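Hi,

Here is the structure I promised to pass on.

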Amino acid sequence: MPHVPREDTVTESRLLLIGSGGFALPAFAALRADPTQTIVGVVTAAPRAAGRDAALRQTPVAEWAAEEGLPLLQVARLRDASTQIEIRELGATIALLADFGQLVPAELLASLPRGALNLHPSLLPAHRGASPIPAAILAGDHETGVSTIVMDEGLDTGSLLAVQRYLMRGDEDAPLLEARLAALAAERIVATTHDYLSGRLTPTPQPATGASLTRRLKRTDGAISADWTAEAAHRAWRAYRPWPGTWVSVSPLLERLILDTVGEPVQTVDIEPGHFALREGELLLGLQEGALPLLEVTPAGGHRMSGAELVRGRSELLAPHARIRS
């Protein structure tokens, strides 16, 4: 028999939204449209300098909150005492965090009568931490998803409320996978929040095995070397878009050659790893177990061009001494 909630079950709440990146937006919008939830405020990261002009950029969540006319707190550090006072004064009963990038202090969690939920784009306990979406692509995972947890003091270690699974198609780059997982998260977040608040959903501990931890990406992560396989390089290109991107150093010709667009790995060619070859008008980079077609590239200080155009201007890339660094 299906469970029938009691008529006196109350799922209304005073909801605090905490997030910065675009992954959070579909779920936040779904909760905004729910008439039983009163959003008392939105917490997001403070504006940061970005781009060549170093202009301050608002987070996607800040822009959304302003459009919706919601109270907005832009914070540099959630741990600051003054910030926590401002948040407590909003009188939230529960918080939802997604794509924020900071740990929530234990004292702030304790101040929320129903605690805080977190939307995390992986099948926890796999890929905890800062970069779960690139990690799933890099690992060649066949499946990923979204986990909704009740937050504790640890890093993505809270008990599970809901798990939504997504079968990888193999064509996903990081922005595409983020968009698909964000849409998936939005499908269930209203029901999950209602079921949790009404007591119909009981948190369960994460599995004891299978945990892995990701970290913030660095610019150097995108450097591809001659000892990589072609498949690993292709996964890195998909995982590291738009940041940190993928690139090679070509000794002694180019300090950095950015790989803007690459094709599927080719296993049917014989090119020495680390060297370039032009085959049927297409520039190929030899790697372990195959080659990577370089469809569009940008040399340091130059403009984007096809691989063939690059070779027309720099034929020395095809010389035996030209090799990407290991």
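Below is what turned up, grouped by region.

First, the ground rules. This is a predicted model, so I kept to local features with pLDDT of at least 70 and to side-chain atom pairs at pLDDT 80 or more, while totals for chains, interfaces and linings use all residues. Residues are numbered from 1 along each chain as its sequence is written, and side-chain values use heavy atoms, with hydrogens and water left out.

I'd start with strand 16 (residues 290–299). Helices (H or I, at least four residues) and strands (E, at least two) are DSSP runs, numbered from the N terminus. Eight of the 10 residues in strand 16 are buried, so the rest of the structure largely encloses it. For burial I use relative accessible area: buried is under 20%, exposed is over 50%, and partly exposed is in between (1.4 Å probe, protein chains only).

Which strands pair with strand 16? Strand 13 (residues 254–262) runs antiparallel to strand 16 and is joined to it by five bridges; pairing here takes at least two bridges found by DSSP between the strands. Within that pairing, Ile258 has Thr298 as its bridge partner. Strand 15 (residues 282–287) is also antiparallel to strand 16, over four bridges, with Leu284 opposite Pro293. Then there is strand 17 (residues 305–306), antiparallel to strand 16 over two bridges, where Ser306 sits opposite Glu296.

Two of these pairings are hairpins. Strands 15 and 16 have two residues between them, and Glu289 in that turn has a positive phi of about 65°. Strands 16 and 17 have five residues between them, with Gly301 in the turn at a positive phi of about 80°.

**Salt bridges**

Side chains of opposite charge can pair when their charged atoms come close. My rule was a side-chain nitrogen of Lys or Arg within 4 Å of a carboxyl oxygen of Asp or Glu, and the count by that rule is 12 salt bridges.

Arg304 is in the loop between strand 16 and strand 17 while Asp260 is in strand 13, so the pair ties together parts that are 44 residues apart in sequence. Asp260 is buried, at 12% relative accessibility. Arg304 also forms a salt bridge with Glu296, where the closest N and O atoms are 3.7 Å apart; Glu296 is partly exposed at 31%.

Elsewhere, Arg215 and Asp221 meet in a salt bridge at 2.8 Å, N to O. Arg215 is partly exposed at 45% relative accessibility, whereas Asp221 is buried at 13%. There is also a salt-bridge network linking Asp171, Glu172 and Arg180.

**A pocket by strand 13**

The second largest pocket holds about 220 Å³ of space. It has 14 lining residues, and Pro242, Gly245, Thr246, Ile258 and Asp260 are the closest to its centre. Strand 13 gives the largest share of that lining, three residues. For the method: on a 1 Å grid over the protein atoms alone, a pocket is an open set of points with protein on both sides within 12 Å along at least five of seven lines, and lining residues have an atom within 4 Å of a point. Grid points are joined across faces, edges and corners, and the volume is the space filled by probe spheres set on the points.

Most residues other than glycine have a negative phi, and most peptide bonds are trans. Here are some exceptions:

- Leu124 to Pro125 is a cis peptide bond, with omega near 15°; Pro125 is in the loop between strand 7 (116–120) and strand 8 (128–129).
- Trp243 and Pro244 are joined by a cis peptide bond with omega about 0°, and Pro244 is in the loop between helix 7 (230–239) and strand 12 (247–251).
- Asp99 has a positive phi of about 55° and is partly exposed at 33%.
- Glu280 has a positive phi of about 50°, lies in the loop between strand 14 (276–279) and strand 15, and is exposed at 86%.

Happy to chat once you've had a look.

Cheers

How values were computed. 1 Å grid on protein atoms, 1.4 Å probe; cavity = no way out; pocket = protein on both sides within 12 Å on 5 of 7 lines; lining within 4 Å.
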